[in-house]
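Have a look at the model first, then read on.

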Amino acid sequence: MIDYSPLLKTLSHSPLAHWQSALAAGLQQRLEGLQHGDLERWQSSLNTLPPVAGVECDFSEGVCLRSNTPLDQTTQTQLHDALQGLHPWRKGPFDLFGVHVDTEWRSDWKWQRVAPHIDLSGKRVLDIGCGNGYYMWRMWQAGAELVIGVDPNLLFLNQFEAVKRYLPHAPVWQLPFTLEELPEPTAAFDTVFSMGVLYHRRSPLDHLLQLKACLRPDGELVMETLVIEGDEQQCLLPEDRYAQMRNVWFLPSVPMLERMLRRAGYSDVRCVDLNRTSVDEQRSTDWMRFQSLPSFLDPADSSKTIEGYPAPLRATLVARK
Ligand SMILES: Nc1ncnc2c1ncn2[C@@H]1O[C@H](C[S@+](CC[C@H]([NH3+])C(=O)[O-])CC(=O)[O-])[C@@H](O)[C@H]1O
C-alpha cells in the first residue's frame, strides 16, 4: 500500500502539523482494517504492474505518462491486464505508457470547463470525493504545491495507487477517509474542491459548512454539482433514484445554490459554468463495461431521466471564505 511517510513529513512543516499524529494513527487503523471482497484481487493487480524506467509526464492534453525507453509489447500487455484488473474505471482518461484507459467519463472535458476559472499556482489543495484522483493530477499540473484528496472508495484508492506508483515523488496524496473523518482543525487549504459530492449528502448546508472549515481565511471553494433549472425557490428531491443513482438527495437551482453558499457564510459567489451532460461525456467503454448515461435517460425523450426527472445538468460555482 501507499507509503504515506513523505506526506506526514511534509505536513510537519505546514499549518497542518497537528494532522501528523492523527493521520498516522487513523491511516494505520484504516489500512489494517480495510475490508472489501475484491481487495485481494485489486492488490494482486497492483502487484503485477510492471516497473517502468525513465517516467516522464505529459499533462498537456490530459494525464499521460511516457517512458524514455518505450515499453515492449509483452510489458505493455502486462500493464494493460493489470489495469483492467481494476475495472471499472470511471474518471479519466489516462494514457499510461501507451495504454489508453478510456474511462466512463471524459473528465478532461469537465476540467477544461473548470480550470480557466481558478489559479492553483503554489496552492495547497484539498479535493473532497476525489474518486481515483484524476483531477488531482490535473491540479498538480496546474501548479498546486500540495494536493490531498479524500475518498472512502477502496477501488478508486487502488486506481490512484496504480498511477502514483509511477509518480512516487509527486506531492499528490489520496486518503481513504470521508470529509467528515478528517482530523480537525482543517482550516489550512487555499482551495477546496467538492465536485460531484453535494447531491450525495443528506445535509447539503452542513457539507458547505464542513468545506468552509477546511479553507484558510479568504480561501476559495470550487463547488460542482447537479442542479436543476429554476429560481431561488426551487430544488429537486427525487423520490428514489435519480438517473438510476441511489443516494441522490438535493438538486438545487443555481440561484438556490448561490443563496445556500451565501447563507453558509461564503462571499463572492459566482456560477462559472453550466453544462448538460452529454452521452459522449458519460458512456460505457471497454474500461467501464456496466450501463451508463445512455441507459439512464428516457429512450423517448433524452431531456428526461428514466425516472422522469430533468436530465443531468451540472453547475460549477466558485466562492470565497
Ligand atoms: N462524505 C464524503 N467524503 C468524501 N468523499 C465522498 C463522500 N461521499 C461520497 N464521496 C465520494 O465522492 C465521489 C463522488 S463521484 C465524483 C468524483 C469526482 N470528484 C468527479 O467530480 O468526477 C460522483 C459521481 O460521479 O456521481 C465518490 O468517489 C464517493 O466515494
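In which loop is P185 found? P185 sits in the loop between β9 (172-175) and β10 (189-195), with strands being DSSP runs of E, at least two residues long, numbered from the N terminus. A cis peptide bond links E184 to P185, with omega about -10°.

A word on ground rules: this is a predicted model, where local features need pLDDT of at least 70 and side-chain atom pairs count only at pLDDT 80 or more, while totals for chains, interfaces and linings use all residues. Residues are numbered from 1 along each chain as its sequence is written, and side-chain values use heavy atoms, with hydrogens and water left out.

**The ligand site**

There are 20 residues around the ligand, and K91, K110, G129, D151 and Y199 come nearest (a residue is near if one of its heavy atoms lies within 4 Å). The shell splits into 9 nonpolar, 6 polar and 5 charged residues; here Gly counts as polar, Tyr and Trp as nonpolar, and Asp, Glu, Lys and Arg as charged. Some polar contacts (pairs of N or O atoms within 3.5 Å) are listed here:

| Residue | Protein part | Ligand atom | Distance |
|---|---|---|---|
| D151 | side-chain N or O | oxygen | 2.6 Å |
| M195 | backbone N or O | nitrogen | 2.8 Å |
| L179 | polar backbone atom | nitrogen | 3.0 Å |

On its own the ligand has 640 Å² of accessible area, and the protein covers 87% of that (Shrake-Rupley method, 1.4 Å probe). The space the ligand takes is the largest pocket. A pocket here is an open set of points on a 1 Å grid over the protein atoms alone, where a 1.4 Å probe fits, with protein on both sides within 12 Å along at least five of seven lines; lining residues have an atom within 4 Å of a point.

The unreviewed UniProt entry annotates K91, W105, K110, G129, L179, E180, M195, Y199 and R314 as "binding site". These span 224 residues in sequence and the farthest two C-alpha atoms are 26.4 Å apart, so they do not all gather at one spot. Still, the lining of the largest pocket takes in K91, W105, K110, G129, L179, E180, M195, Y199 and R314.

K91 belongs to strand β3 (residues 91-92). G92 and P93 are joined by a cis peptide bond, omega about 10°, and P93 lies in the loop between β3 and β4 (94-96). D218, in strand β11 (residues 215-227), has a positive phi of about 75° although it is not a glycine. Why flag these? Most residues other than glycine have a negative phi, and most peptide bonds are trans.

Technical notes. Polar contact = N/O pair within 3.5 Å; in protein donor to acceptor, adjacent residues only side chain to side chain. Sits in = over half its atoms within 2 Å of the grid points. UniProt positions renumbered as here; feature names shortened; annotations may be inferred. Helix = DSSP H or I, 4+ residues; strand = E, 2+ residues; numbered from the N terminus.
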